[in-house]
Amino acid sequence: MQHVLRFLGHDHLLAKRISGKRYQQTLGVHRRFLSLYYFASYEIVANVYFPGALGQLGRGLAKILRAKFGSDNVIMSDIVKPDLDIMRSGPYLYADILDREGLHNIVVTHRIDWLIHFSALLSAIGEQNLRLAMKVNIEGVHNILEVSRTHKLRVFIPSTIGAFGPTTPLENVQDFTIQRPRTIYGVAKVHTELLGEYYHERYGLDFRCLRFPGVISYETAPGGGTTDYAVQIFHDALKTGNHDCYLKPDTMLPMMYIDDCLRSLTEMMETDEANLRQRTYNVAAMSFTPHQLANMVRKFVPQLRITYNPDSRQQIADGWPKMFDDSNARRDWGWSHDYDLEKMCSTVIDGIRRLQQESTSALPIDYDVEVKQALDLHRSSGEPGEQKEIIQQAGQS
Ligand SMILES: NC(=O)c1ccc[n+]([C@@H]2O[C@H](COP(=O)([O-])OP(=O)(O)OC[C@H]3O[C@@H](n4cnc5c(N)ncnc54)[C@H](O)[C@@H]3O)[C@@H](O)[C@H]2O)c1
């Protein structure tokens with residue numbers, strides 16, 4: 001049986017795992033020696049609260065955090081009904097981030113140290129449903145920051161390439177540059193970055209934020225963003241051989257494979273605060289156009305045909321960076337990506353083929369059902385009360 005020993009006198013509630021016998025011995029030694037012993041001997045273990053855990057990025061991150069900290073120390077939470085695998089994998093709680101008291105309750109009851117906040121309405125869905133996007137992406141963040149300040153948590157909230165806009169010099173986008181996004185998603189993310197930095201300056205809150213590019217995964221469906229085509233194309237290539245792209249062939253955007261994305265998050269969260277010269281960093285891996293992606297996918301699936309029918313997402317993509325400069329993250333905490341375009345494509349295609357073989361159903365996710373239907377459902381919603389039903393319907397379809 002392992003026990004958790006909290007570091008005496010430290011603000012951050014980082015806990016260390018030690019055996020019961022060692023715990024008794026350790027309590028008897030001098031505090032100065034204890035702190036040396038502490039740093040020399042044990043890995044960091046944090047109690048993590050993780051709202052928005054059932055989205056595209058959340059399930060993978062929960063697996064990584066649970067492998068690091070132990071299943072019981074990572075509380076997944078969302079407003080949708082989880083499948084049985086999630087329920088069996090560790091603690092899961094229903095929690096709406098618009099309910100601030102409920103968040104306080106969870107943080108206190110479970111002695112939370114880190115809060116990783118993934119709940120959001122993404123760019124395309126946000127444009128279809130302004131009022132709800134403002135509630136979840138702005139009011140929700142206020143709740144998360146207030147709860148984190150009150151209980152002195154280390155808090156991570158992701159930002160995005162969507163936090164820039166058409167007036168940003170889009171070629172090699174720096175951490176600090178013009179940010180005038182034209183989507184509610186982007187406006188809310190700039191608000192999050194600035195408010196988190198303000199809480200850090202004013203209250204000493206350990207706020208951490210990475211601007212992720214479009215994230216590519218194959219085990220979980222994307223949630224209605226502008227870069228989702230780069231996931232859908234793989235499923236279409238293997239299912240029908242035809243992909244109808246909603247962006248123009250030369251629309252270049254920064255992208256990242258999900259393993260790199262989640263590793264950047266855990267590495268930044270584990271970085272000693274003294275190494276962070278800023279609170280919000282770009283992280284990058286590769287940039288490509290739909291045309292370049294289709295050519296690379298054809299190396300593995302030669303029969304792929306692609307047509308182009310730009311829709312309203314083209315206008316969003318036109319205002320986003322083509323390339324990210326992430327040199328500050330590389331310098332300050334050693335960020336380095338692992339997946340380039342070819343490695344990402346071969347990994348995703350192998351992964352989908354493996355899942356196809358293991359599964360009796362045609363494909364592990366059905367983009368058409370899970371994402372396009374979610375878009376339609378969100379379009380008609382305005383009230384937060386309606387949202388649970390809408391997201392549940394989308395998740396169940
Ligand atoms: N996926 C990407 O390509 C990408 C890129 C850049 C940044 N991000 C950011 O990463 C985070 C996670 O993204 P994702 O792709 O997993 O998003 P997603 O849309 O797949 O998941 C978001 C989750 O938030 C939950 N949620 C919505 N409203 C809620 C509420 N009121 N209370 C609690 N939970 C609520 C949803 O049920 C959903 O499970 C977001 O902040 C997003 O902005 C994602």
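**Strands, a helix, a ligand and a loop**

Author: The model is predicted.

Reader: How many bridges join β12 to strand β16?

Author: Strands of a sheet pair through backbone hydrogen bonds, either parallel or antiparallel. Here four bridges join β12 to β16 (residues 305-308), and the two strands run parallel.

Reader: Which residues of β12 form the covered face, and which the uncovered one?

Author: In β12 (residues 242-245), His-243 and Cys-245 make up the covered face, while Asn-242 and Asp-244 make up the uncovered one.

Reader: What is the order of the strands in the open sheet?

Author: The open sheet has three strands in the order β11-β13-β15, and their pairing is mixed. β11 and β15 (286-288) are the edge strands, each pairing on one side only. On average, neighbouring strands of this sheet are turned by 45° against each other, direction ignored. β11 and β13 (residues 253-257) run parallel and are joined by three bridges, with Met-256 of β13 as the bridge partner of Val-215.

Reader: Which helix packs on the sheet?

Author: Helix α10 (residues 258-270) does, touching β11 and β13. The direction of α10 makes about 85° with that of β13.

Reader: Why is helix α9 described as largely enclosed?

Author: An α-helix has 3.6 residues a turn, so residues three or four places apart point the same way. In α9 (residues 229-239), ten of the eleven residues are buried, so the helix is largely enclosed by the rest of the structure. Among the buried residues are Tyr-229, Gln-232, His-235 and Asp-236. Just after α9, Gly-241 takes a positive phi of about 80°.

Reader: Which residues are closest to the ligand?

Author: The ligand is surrounded by 29 residues, of which Gly-55, Ser-119, Phe-212, Val-215 and Gly-223 are the closest. The elements giving two or more residues to this shell are α7 (130-150) and β11 (214-216). By class, the shell has 16 nonpolar, eleven polar and two charged residues.

Reader: Is His-117 buried or exposed?

Author: A residue counts as buried if 20 or more other C-beta atoms lie within 10 Å of its own. His-117 has 23 within that distance, and is therefore buried. His-117 lies in the loop between β7 (114-116) and α6 (123-128). Its C-alpha atom is separated by 6.5 Å from that of Gly-52, 65 residues apart along the chain. Beyond its neighbours within four places in sequence, the contacts of His-117 include Pro-51, Ile-144 and Phe-156.

Key. Residues are numbered from 1 along each chain as its sequence is written. This is a predicted model: local features need pLDDT of at least 70, side-chain atom pairs count only at pLDDT 80 or more; totals for chains, interfaces and linings use all residues. A residue is near a molecule or strand if its C-beta atom, placed from the backbone, lies within 6 Å of it. Ala, Val, Leu, Ile, Met, Phe, Trp, Tyr, Cys and Pro count as nonpolar, Asp, Glu, Lys and Arg as charged, and the others, Gly among them, as polar. A residue is buried if 20 or more other C-beta atoms lie within 10 Å of its own, exposed if 12 or fewer, and partly exposed in between; C-beta atoms are placed from the backbone. Two strands pair if DSSP finds at least two bridges between them. Axes are lines fitted to C-alpha atoms, for helices over the stretch in contact, and angles run from 0 to 180 degrees between N-to-C directions. Two residues are in contact if their C-beta atoms, placed from the backbone, lie within 7 Å.
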